Amino acid sequence: MNIMVALRDYKQHVQAAIEAGVDCIISGAGLPLSLPSLVKDTNVKIAPIVSSSKACEVILKSWHRKYQRVADFIVIEGSLAGGHLGFLLENIQNNSTQKLLDILGEVKAVVKKYEALYHQKIPIFVAGGIYTNDDIKQALTAGADGVQMATRFIATNECDASDAFKQAFINAKKEDLSIIKSPVGMPARALSTPFLKKHQKITKCFSCIQSCHVTNAPYCITQALINAVNGNLDEGIVFSGTNGYRIEKIVSVKTLIDELMEGIV
Ligand SMILES: Cc1cc2nc3c(=O)[nH]c(=O)nc-3n(C[C@H](O)[C@H](O)[C@H](O)COP(=O)(O)O)c2cc1C
């Protein structure tokens, strides 16, 4: 289960996930410094999502010092990803897969130390802008153990978002992608919708994000994301990775996986 550190009830979400029997908790949108203590005495694996080697180092050092615990794997999310981004606004523009692979090299150098310390392999997955079979091969050649993909899988039969949500990707052009300042306090990549052009009144606060306050947030991010997934794009935000405009049709997950994995053992 993916649980954002920025959630107001982060601890309760983690506890509920453990009680429900999850195998692993992955946490980004902040530094999951307390995560080892929350999964103590369980077999639940833990993995941070990082956007820099610095964040990775801070997390691993803190987990080692306080809990003598290491990450079971690491996800690096680069600035081509969809949704909330762990970068400053000025560092998001003009980015490339190469930048993600540079961060991979830096993270690998940090992780090596902890692999030696704990005598265990710590797999690293890269995310953000991975779209084709060639992208996966490039990431693996650069030393990634795997990739995490989101945007491409939205256009599958199995994705449970509404047809309108999926159709928004098929209709999208490159210029429809934009970086927004989310009420969460982080930049985020989304497809332009009429909603983003007008200010919304918050009618119900979910009290979800620590840094978001109902009095000064321009709109409720949770409601906007739910609206979009349910097909109400006029009142919704459609998060998308930088390749969202490349989607042309909806396929089955099997077809997509077969295409992505061709020639990869
Ligand atoms: C619609 C959408 C919703 C997302 N929601 C979350 C989320 O709730 N938590 C999270 O850590 N990442 C989220 N992401 C980021 C993805 O998990 C993923 O790391 C990233 O989008 C990968 O880049 P790609 O979309 O280019 O494949 C979301 C991405 C998209 C497109």
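I take buried area as the accessible area (1.4 Å probe) that two parts lose on being put together, summed over both. The model is predicted, so I note that local features need pLDDT of at least 70 and side-chain atom pairs count only at pLDDT 80 or more, while totals for chains, interfaces and linings use all residues. Residues are numbered from 1 along each chain as its sequence is written, and side-chain values use heavy atoms, with hydrogens and water left out.

Entry 1, the domains. I looked up the division of the protein and found domain 1 (10-149) and domain 2 (160-246), with bounds that come from an automatic or database domain assignment. Their C-alpha centres lie 24 Å apart, and the contact (heavy atoms within 4.5 Å) takes 16 residues from domain 1 and 14 residues from domain 2.

Entry 2, the interface. Between domain 1 and domain 2 I read a buried area of about 1,200 Å², of which carbon and sulfur atoms give 64%. On the domain 1 side, G83, H84 and Y131 supply 44% of the area buried against domain 2, more than any other three residues.

I searched the whole structure and noted two cavities of 30 Å³ or more; on a 1 Å grid over the protein atoms alone, a cavity is a set of points where a 1.4 Å probe fits but cannot get out, and lining residues have an atom within 4 Å of a point. A volume here is the space filled by probe spheres set on the points, which are joined across faces, edges and corners. The largest cavity has about 80 Å³, and of its 13 lining residues C205, F206, S207, C212 and C220 are the closest to its centre. The second largest cavity holds about 40 Å³, and its lining is formed by G78, S79, L80, N95, S96, K99 and L100.

Technical notes: On a 1 Å grid over the protein atoms alone, a cavity is a set of points where a 1.4 Å probe fits but cannot get out, and a pocket is an open set with protein on both sides within 12 Å along at least five of seven lines; lining residues have an atom within 4 Å of a point.
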